[in-house]
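The following note sets out numbered remarks on the model shown below. Please read each point with the coordinates at hand.

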Amino acid sequence: MITNPLLRLERRLSPEALALIQRAGALAAKGRLRIYLVGGVVRDVLMNRPSADLDLVVEGNAIGLAGSLARESNGRLVIHRRFGTAKIRLGSLNVDLAMARAETYARPGALPSVQPGSIQDDLARRDFTVNAMAIRLERGGFGQLVDPFGGQADLDNRLIRVLHDRSFIDDATRMLRAVRYEQRFGFRLEPDTEKLLRRDVGMLRSISGDRIRHELEMMLGEEQPEKALKRAGELGLLAEVHPALEGNGWLAEVFRKAREAAAPQTVALYFALLTYRFKETQCEDFTHRLKTPGPVSQAVRDTARLRQQLPSLAQPCLAPSAVFELLQGYSLASIQACAIATDSAVVRERLTLYLTRWRRVRTGLDGSALQKMGVPAGPELGRLLKELRDAKLDGRIVTREDEIELVQRWLSQGR
Ligand code: CTP
């Protein structure tokens, strides 16, 4: 059961966020405007979950109010006049302000055209009932819940429900959002919503690669993305993104391992694992369709290439320098992906040793030190540096003195 939203606000928001919305409410009352907290933060507050950023909607001039609010709270203000929106950054707190809008869609998949509207209009253009609630902030009405679509009841019943039958046609990315919220909160798609989703699955094809990728990235940003991916697979959504994309048990297993490995570039790694079993041409289709940024495309492409090299990494008695030679030039995310996904223990061990030790091996002598010792500049110098590194990787030399001795031997042999 949900208690008074006012109490929830006081309990769930940080003191800075609470002070800011109270100041926003006072300013709005002074200007005879209505201002509301909206969207995900309202849902999170009502669910008693922490929520990072604040979304505010003003019935009227949001930019003017944002200016006064930023001044009074010493925040950094960025204005997007074309969209009638503003952002305030206050320490670690991000606040978005927008004018209440009404929306119409010219055609499925297109971005909507927008006019000024009421809070009801603004909520009516949103994705799900649980995201279509607002809390009034002006003095006088502070803490009052605006819930025209039964979002509170759906929160109680743990349901993700669209606001109308054309919701997924208007914006097919909502199908991916629906499973993301469903799996994040352990909710269910409301049965009619699920029927509509199954009806409209094909609409995903009308969505630009950038928007699909953004939603996939949001999914990959969840604590356990494999849950939403599995569900998206079952509902036929992944196949619409790319026919080879699957959200199966194997993926769940490698995603879990990726988190345990705590790799720094998780998104590129997740994408590399998502496409691990793709053929090279399918990888190209995928990165092209989703317009993935450079490092992600590189990780996906490298993984497809490196996977073909893995049998040569399984040979017995392979020197570390040979492993280094083979892996040099592949992106780290692709090597991590292969280390996580390979079935071969010996390959995994070699990839892991490369990632954790061998790739960091440095010789004590560099190019200029070699030149001082009499090695002429040019390709020979490069070959000698590589010889030093290989010898160090393979444990044939250990100290700087060993390196000097190796160079002197090389010079005395007149090479
Ligand atoms: N929204 C929508 N349709 C979309 C994207 C967003 O209706 N395709 C609305 C929802 O009301 C959502 C709000 O815009 O609550 C803000 O979007 P976003 O920041 O993506 O979502 P949050 O609800 O803040 O979700 P999250 O918890 O994932 O940050």
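What percentage of the 415 residues of the chain count as buried?

1. Burial and basis. Of the 415 residues, 48% count as buried, where buried means under 20% relative accessible area, exposed over 50% and partly exposed in between, with a 1.4 Å probe and protein chains only. This is a predicted model, in which local features need pLDDT of at least 70 and side-chain atom pairs count only at pLDDT 80 or more, while totals for chains, interfaces and linings use all residues. Residues are numbered from 1 along each chain as its sequence is written, and side-chain values use heavy atoms, leaving out hydrogens and water.

2. Overall dimensions. The chain has a radius of gyration of 28 Å, whereas a compact globule of 415 residues would be near 22 Å; the radius is taken over C-alpha atoms, and the globule rule is 2.2 Å times the number of residues to the power 0.38. Along the principal axes, the C-alpha atoms fill a box of roughly 90 × 50 × 40 Å.

3. Domains. The division is into domain 1 (1–152), domain 2 (158–241), domain 3 (249–358) and domain 4 (367–412), with bounds from an automatic or database domain assignment. The centres of domain 3 and domain 4, taken over C-alpha atoms, are 32 Å apart. Seven residues of domain 3 are in contact with five residues of domain 4, contact meaning heavy atoms within 4.5 Å.

4. Secondary structure and sheet. The chain has 22 helices and eleven strands; these are DSSP runs numbered from the N terminus, helices being H or I of at least four residues and strands E of at least two. Seven strands form an open sheet of mixed pairing in the order 3-4-5-2-1-8-9, two strands being paired if DSSP finds at least two bridges between them. Strand 3 (76–80) and strand 9 (145–146) are the edge strands, each pairing on one side only.

5. Inside the sheet. Strand 2 (residues 54–59) and strand 5 (residues 93–99) run parallel and are joined by five bridges. Leu56 stands opposite Leu97 in strand 5.

6. Helix 2 (residues 15–30) lies across strands including strand 2, to which it runs at about 5 degrees. Axes are lines fitted to C-alpha atoms, for helices over the stretch in contact, and angles run from 0 to 180 degrees between N-to-C directions. Helix 4 (residues 62–73) runs at about 10 degrees to strand 4, one of the strands that helix 4 lies across.

7. A buried glutamate. Glu403 lies in helix 22 (residues 400–412) and counts as buried because its relative accessibility is 1%. Beyond its neighbours within four places in sequence, Glu403 is in contact with residues including Thr363, Leu388 and Lys392.
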